Each structure stands twice: as structure tokens, then as C-alpha cells.
Amino acid sequence: MTLPETSSPAQLIVHPAWILPIIPRGEVLSEHSLVVRDGCISALLPTKEALQLAADQHVHLPSQVLMPGLVNAHGHSAMSLLRGVADDAPLLSWLRDHIWPLEAEFVSEQFVADGTELALAELLLGGATTLSDMYFYPDVTAQCVQAAGMRAQLVFPIIDVATAWARDSDGCLAKGLALRDDYRDHDLITIGFGIHATYSVSEPTLRKIATLTNELDAPMQIHLHETRGEVQSALEATGERPLELLARLGLLGPRSQCVHMTSLSREDIQQLVDSNSHVVHCPRSNMKLASGICPVHRLHEAGVNVALGTDGAASNNRLNMLAELQTAALLAKLERHEATALPAESALEMATLGGARALGLEDKTGSLEVGKAADMIALDLGRLQTQPINNIVSQIVYATSGTELTHSWVAGQCLVADGHPVTLNPAEIAERAAEWPEKFRAHQEYN
Ligand SMILES: [Zn+2]
């Protein structure tokens, strides 16, 4: 578990009450410390030994558990400005009658910057260190993510209709590919393809994307089988299920991330297994829009990797991965009528290593293993709601309220210290976000 220690001081040594490395599975270390060199984990060793080592910084966390940062595998950060504007509507009416008209009127570089910073601050304080994002002006999102210091996969959005960002899907592809070139060698940001859905992108465009993703070996994320209605409409119109269409066009593979997947036949699941595709489960968004339930238990049984995502704040309305984790664990049991479905440990693995695998980042993040980047968070389990500590994993999954985060690091850089963001300014972010609701109200009243 240790690389040979050199005599030069370590960058950082963290001494928490517990370490939950995720790998090996089920292991909880106490009286252990974690050593960081050059942004990577160089050792996990007994605290007694670690205290003897020289380091630029020793951080003592006496009531905290240190664990991998959570991976939010699906979201639309800028939509946090639209939080609460259209609650309690089903997916298609929510999109067509509320969200799309507001986006057509308001989406701009400023909208994306203000909304994304709000989302990043909320995500960070809820335990996420890695996110996937699909939204217009991904170049602006990339700048915000870079300034925040988080790790991200940005899937540039592809949709046939004209938007403020691009005139059509060819425009989306041209701009997205240019962005991919700009971030080709970036340590923390990867650029992939974000197909809105099979009902909003034509088959010729999907063919082009298949050629490009295969040539470039690039990640692809798509909203897929979000509702039973989506699958039925596709069947009626074309005789094909959306997943079958992707398989036929060569769009399913180990770099494919299928988001939602609430309506799945046995053949669909086999298709996911055969193609090594990933599923991203967004339980709170699916519940709020009454879209359906992703059958996580069946997917796990079949061997499909499942990650976890918040989706955008307009359909959740929180961007808190601890809350998402808890919902996923509870919902899986209700769906199966089995209390053993999705145990706490499996839910936690989905939110960490499962997310990292889906985004193709498992060699860098998702567990606290020597050689991986030091992407990690500390949660304070000394609060009343997590007392007494009978079982660490159970407390994290079932008992946290989402506010327990005290520290966060990405590649060894401290992003939250003692509960305060280091790279982001919450007061400024809230002030800028507060300027938007009046504009939305004026537009909604006028129309
Ligand atoms: Zn989404």
C-alpha cells in the first residue's frame, strides 16, 4: 500500500479518524494517515509512522472520515439559475412549456458563468470533486471549472434545433471539436460528446457522431430511455427502441454513458452488457419529473456499471451528492420491495468508483489508492445526526444531512478547508444568482 518514501517533505499528510478507501472493498482504516506527493496519493500508513514524516502541511481531522471525492456523473450546471421555476410538471411539458422557452430567451455566456459557479459551489460543499456537465457554452463552463479547481468531463451539447450557442447540430459539432482541441492535454478536464436525446437529434447526425467518437475514442453521454413514453414513441415512429438505434449506428461501447434508463427490457440490459456501456442513474430528477425508476438492482446483477448523477437543479432541485446517494439507496429497495437491494456499500461505490469508471477516469479517481490523484473529501461524523458511530458506511449513506463536508481536495489542491470554499466566493456567487429571478418572472408574465 506504500510507495518508497523519499527524504523530501511530502506535499500533504492527512490524519483523519477513519479512512474509507473504497478499494479494498469494505475496508475501514482507523489510526491511519494518507500521504500526498505531487498531487497523488503516495501512501496510506499508520498515523504513528506518518507523524514522523516531514510534510509541507499536516492536517488533523479528529472526527472526520476521509474518503474519495464523489463523482456527479450527469448534470447541467448552468441550469441552477432555473431552480424552482417550473416545479411539478412532467418531463415533456417541463421541457417544452417552461425550460426551453426560458433558455431560448436567457441563455448567454453570462447566464452560463453565473449558473455554473453556483452549481460548482453547491456540488463541492456536498462532497463532489468530479462532475460531468452537458450545457451550452461549454467553453465558459470549462473556464469556471478550471478556476474552481475541480475535475470534470464536459460533454458539449448536440441538438438539431438552433440555440443561443449554435445554429444546428453541425454548429454544435464544430464548436465542440474546437473545444476538445483546446483541452486536449488538460490534467483535470476532458471533453466528450453530449447527445441531447434520440428524439432531438436526427439519424444522419447520430451517424456522424458515431464516426467521430470511434475515431477519437471520445466519451459520449446521452439522455436515454428517460421515460416509458420516450421508448413507446420511438417504437411507434420507427419500430426501434432508442437503445437499439444507438447499437445499430455503432454508438454503444465502453465510452458510452446512458443517462436515466428507467424503461429497460431484458434485451436492453443484455445490449448494455454486450457493449460494456455505462448507465447513469439520476434518482431525484426521475422521481421529481415522475419519469420512472432505473432498475439498478437488475443492472448490477447483469454486471452493468452504474454511476450516479444529480441532473440539473431545475429538475432535482438540489445538487448534493450525499442526498443523491441516500435517495438511490432507498429508492432501489422500494423498487424491488427488498431491503437487501443496493446495500449502503454498493451505493457508495456507485457514487465514487462507479462514476469514475463511467467517465473513463478510474485510473485517476474514485478510490483512495496509491498512485491515484488525491481527489478526496473529509466528512465530519461528530455531528448529532451521525452519532453514535456503529457503522461508518451506514452513517454516510443513510444518516448524513448533506452538510457534513469540512475538507475537499482535487489532485492534492485544497478546494474546501474547514467548511469554506477556497477557490470560490459563495457571497459573490449568491449575489450574481439573485439578479436572475426578476428577469425570468418578467418574461413569464409577458408570455
Ligand atoms: Zn439531464
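Trainee: What radius of gyration does the protein have, and what value would a compact globule with 447 residues have?

Mentor: The radius of gyration is taken over C-alpha atoms, and the globule rule is 2.2 Å times the number of residues to the power 0.38. For 447 residues the rule gives a value near 22 Å, and the protein has 21 Å, so the two agree. Along its principal axes, the C-alpha trace spans about 65 × 45 × 45 Å. Please note that this is a predicted model, in which local features need pLDDT of at least 70 and side-chain atom pairs count only at pLDDT 80 or more, while totals for chains, interfaces and linings use all residues. Residues are numbered from 1 along each chain as its sequence is written.

Trainee: How many helices and strands does the secondary structure contain?

Mentor: Helices (H or I, at least four residues) and strands (E, at least two) are DSSP runs, numbered from the N terminus. In this protein they come to 16 helices and 17 strands.

Trainee: What percentage of the residues is buried?

Mentor: A residue is buried if 20 or more other C-beta atoms lie within 10 Å of its own, exposed if 12 or fewer, and partly exposed in between; the C-beta atoms are placed from the backbone. Buried residues account for 51% of the 447 residues here.

Trainee: Which domains does the domain assignment give, and where are their bounds?

Mentor: Domain bounds come from an automatic or database domain assignment. Here, domain 1 covers 12–68 + 376–410, and domain 2 covers 70–358. Their centres, taken over C-alpha atoms, are separated by 30 Å. Two residues are in contact if their C-beta atoms, placed from the backbone, lie within 7 Å. By that criterion, 15 residues of domain 1 are in contact with 22 residues of domain 2. On the side of domain 1 that touches domain 2, α14 (392–399) and β15 (405–410) each supply at least two residues. The largest share of that side, five residues, belongs to α14.

Trainee: How many nonpolar, polar and charged residues does that side of domain 1 have?

Mentor: Ala, Val, Leu, Ile, Met, Phe, Trp, Tyr, Cys and Pro count as nonpolar, Asp, Glu, Lys and Arg as charged, and the others, Gly among them, as polar. The side of domain 1 that touches domain 2 has 10 nonpolar residues, five polar residues and no charged residues.

Trainee: Which strands does β14 join by bridges?

Mentor: Two strands pair if DSSP finds at least two bridges between them. Strand β5 (residues 58–68) is joined to β14 by five bridges in an antiparallel arrangement, and P68 stands opposite M376 of β14. Four bridges join β14 to β15, again antiparallel, with M376 opposite W409 in β15. Strand β14 (residues 376–380) is largely enclosed by the rest of the structure, because four of its five residues are buried.

Trainee: What do β3 and β4 form?

Mentor: They form a hairpin with two residues between them, and D38 in the turn has a positive phi of about 50°. The two strands, β3 (residues 32–37) and β4 (residues 40–46), pair in the antiparallel sense over six bridges. H32 stands opposite P46 in β4. Within β3 we also find L34, which counts as buried because it has 27 C-beta neighbours inside 10 Å. Leaving aside neighbours within four places in sequence, L34 is in contact with V14, I19, I41, L44, L66 and L368.

Trainee: Where does helix α2 bend, and by what angle?

Mentor: The bend at a residue is the angle between axes fitted to the seven residues ending there and the seven starting there. Helix α2 (residues 91–106) bends by about 40° at I99, and a proline, P101, follows within four residues. The buried residues of α2 are L91, W94, L95, I99 and L102.
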